Amino acid sequence: MLNSLLLLIGITLMYSTPLVFGSLSGVISERSGVVNIGIEGMMVVGAFTASAVSYFTGNPWLGFLMAGIAGAAIALLHAGASVTFHADQTVSGVAINLLAPGIALFFCRRLFDNAAMTPVCTTLPKLFGEGALNGTPYASLNVDVTVALGFAAALIMWFVLYKTKWGLRIRAVGEHPAAADTLGINVERTRFICVLISGMLAGFGGASVTLAIVSQFTQTAISGQGFIALAAVIFGKWKPHGAYGACLLFGLAQALTVVLGGGSIAIPSQLMAMLPYVLTIIVLVLFVGRSAAPKADGVPYLKGSR
Amino acid sequence: MKTIVKLLRKPIAASILAIVVGFIIAAIVLAAAGYAPGPSFAAMFNGMIGRPKYISNVIIKATPIILTGTAVAFAFKTGLFNIGAEGQYILGTICAVIVGVTFNLPPLLQIPLVILAGTLGGALGGAAVGWLKARFGINEVITSIMFNWISLYLCNFVVNTQTFHQPESTSTFPVNPSSYTMILPQWKLSEEGLNALSGTPWLYEVLVKTDVNIGILIAVAAAILIAVLLKRTKIGYEMRAVGLNREAAQFAGINVNRNIVTCMLISGALCGLAGALSVTGLEPHNISTLAAFENNGFNGLSVAFIAGSSPIGCIFAGLLFSGLIYGGQSVQQVMGAPSDIINIMIGTIVFLMALSQIVPMIADRLERKSKGAENA
């Protein structure tokens, strides 16, 4: 019993981590007032960069870092379009979701002999070192180091958003950019930086798939996690801690299907797999209620407009 | 100068400019990666329109994305973002298969019944999202994403039920042949038909070698119908009013909540219709276990945005999108260049469409400049 419970916790943490990075990516961008539908695409680029860099250099940490930079580079497009040129943020995000996987696969085929996947690469270490807790029931708690990084990222974002001057500015820009502007906050610069950070976090999210859960990039390494992360942002009411909780819930649901899937339970596995998504809607209806998006979320800021 | 300014002011100018620049950027990427852009594009267009069979396949593959594109464009005009087109499309295929396998009526009854079932399935999926938004204020993006996954697993569930599962496969039984919407499905394979067709090779190629079906006619009709609904009717006017300013519409006495549900219902119905037409019109006329999304709905998002959210534009954007994807395979076969270049190109086009409001701004600037020159 204890064993399966610990296993459940371990798998939950494992599956929720890419979502945590992805949803934090959404939180920072949307709190500053820029909708980011493109998390999925940014995660794909991160996933590819991470495993390619780790394969060529043998250094997964460098891969992780470069994944963040690659994600930010893609986010540069989104920031340029939606902040500088006041473009439609939804359309730009959808474009990123087409463009980014295209770029990742193009480079992948170019570098790896027309294959749509990278070779197996060196992955990031476990939290307590390889095989540290083996033999004890706690072995399944020796999770990937990315789990801790994801938690730290959520903690830092919560601190920055709610306890620092910078966070107040970001929130002000997302709620009422005109008011923030009159107080001397540079709306465009704040949003631009937030979108770049958003891209970096999404890149980390991709990396935490290909450097921890699986050890190579494939065409389906990221299949919808970016969209689930987006849902987690809304589920968590645009708060870093809320989003983190939502991601844990999605991770738990996925872990349940893994742990219970092998058992003798009569529920068909497809219905089990459906459960987290049905549950989300029920929870939203019963407990969460009206979504409270940042007021200026998705609205381009034109200086002088009211 | 005046004609240029006038042309730039037309809504279609942004789409055409975006497409042209998309091609240029793809050419630059190809050249930088060491592939000659000219022959690559030649290979692509050859794979798109080089043979009657290719043209036919482009049209066949355009059918579902014209419909999902129209669905997304319609929702977008009414202020809703239907990212759930994918799930509603899947629901359409599921319902079409269930009804098409269960019933076996004469084609004249069976075909409308199966198509109606698929349409209803999609409509229900859409309406559920709309209702959750109207009644509980839940953002349609989150529920749509959840419904996409629910639909995917529902599809896998139905595939594995005893009633519908085709033994030793990962699919269901095909729908009864009376539901087929291909053009002359039996005649074209009969001896008589093959004899008659052998005289005209292009017709032989189109009819026998592809699943040419009536879907495209329905898709085009649906897009036109939606355009008329939006532009020429009172309901359409109200829907657009809600899309432009929800509070103002409410103040003017429009029932905003009912509007949201209706719009999502119509949008979902279009996606369900797309799914049903795929089942009735294309081999293998069934549904299979889905490991990942097939993107018929997600591609609808791209189509809608390339079309600048114009339903009529979706017809052309859908054909272009389908042509690029289908012809893009030839780039890899002929040139060895990764076919993903097509996704980069389409992504660039959609990205530029996001920036489309720059085009009228350029027109304004040009006009001011030319006026300044006249005055000087």
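This is a predicted model: local features need pLDDT of at least 70, side-chain atom pairs count only at pLDDT 80 or more; totals for chains, interfaces and linings use all residues.
Biologist: Now the chains. What makes you say that the radius of gyration of chain A agrees with a compact globule?

Modeller: You set one value against the other. A compact globule of 306 residues would come out near 19 Å, and chain A has 20 Å, so the two agree. The C-alpha atoms of chain A fill a box of roughly 65 × 50 × 35 Å along the principal axes.

Biologist: How does chain B do on that test, with its 376 residues?

Modeller: The rule gives a value near 21 Å and chain B has 23 Å, so that agrees too. The C-alpha trace of chain B spans about 80 × 55 × 35 Å.

Biologist: How many helices and strands are there in chain A, and how many in chain B?

Modeller: Chain A has eleven helices and zero strands; chain B has 17 helices, again with zero strands.

Biologist: What share of the residues in chain B is buried?

Modeller: The figure is 55% of the 376 residues. To count as buried, a residue needs 20 or more other C-beta atoms within 10 Å of its own.

Biologist: Take helix α3 of chain B. Which of its residues are buried?

Modeller: B:Ser40, B:Ala43, B:Met44, B:Gly47 and B:Met48.

Biologist: How do you know that they line one face of the helix?

Modeller: Look down the axis of α3(B): the buried residues fall within an arc of 135°, so they share one face. In general, an α-helix has 3.6 residues a turn, so residues three or four places apart point the same way. Among the elements covering those buried residues of α3(B) are α2, α4 and α15 of chain B.

Biologist: What is the length of α3(B) against the expected one?

Modeller: Its 13 residues reach 18 Å from first C-alpha to last, close to the 18 Å expected.

Biologist: Which residues of helix α11 of chain B are buried?

Modeller: B:Glu238, B:Met239, B:Val242 and B:Gly243. They cover an arc of only 140° around the axis, which puts them on the same side of α11(B). That buried set packs against α4, α10, α12 and α13 of chain B. The face turned away carries B:Lys234 and B:Leu244, which are exposed.

Biologist: Last one: how many residues of chain A are in contact with chain B?

Modeller: 41 residues of chain A are in contact with 37 of chain B. A pair counts if the C-beta atoms lie within 7 Å. Helix α4(A) gives the most to chain A's side, with 14 residues.

Biologist: What is that side of chain A made of, by class?

Modeller: It has 28 nonpolar, nine polar and four charged residues.

Notes:
Residues are numbered from 1 along each chain as its sequence is written. Chains are lettered from A and ligands numbered from 1 in the order in which they are written. Helices (H or I, at least four residues) and strands (E, at least two) are DSSP runs, numbered from the N terminus. The expected span of a helix is 1.5 Å times one less than its number of residues. A residue is buried if 20 or more other C-beta atoms lie within 10 Å of its own, exposed if 12 or fewer, and partly exposed in between; C-beta atoms are placed from the backbone. The arc is that of the directions from the helix axis to the C-beta atoms. Two residues are in contact if their C-beta atoms, placed from the backbone, lie within 7 Å. Ala, Val, Leu, Ile, Met, Phe, Trp, Tyr, Cys and Pro count as nonpolar, Asp, Glu, Lys and Arg as charged, and the others, Gly among them, as polar. The radius of gyration is taken over C-alpha atoms; the globule rule is 2.2 Å times the number of residues to the power 0.38.
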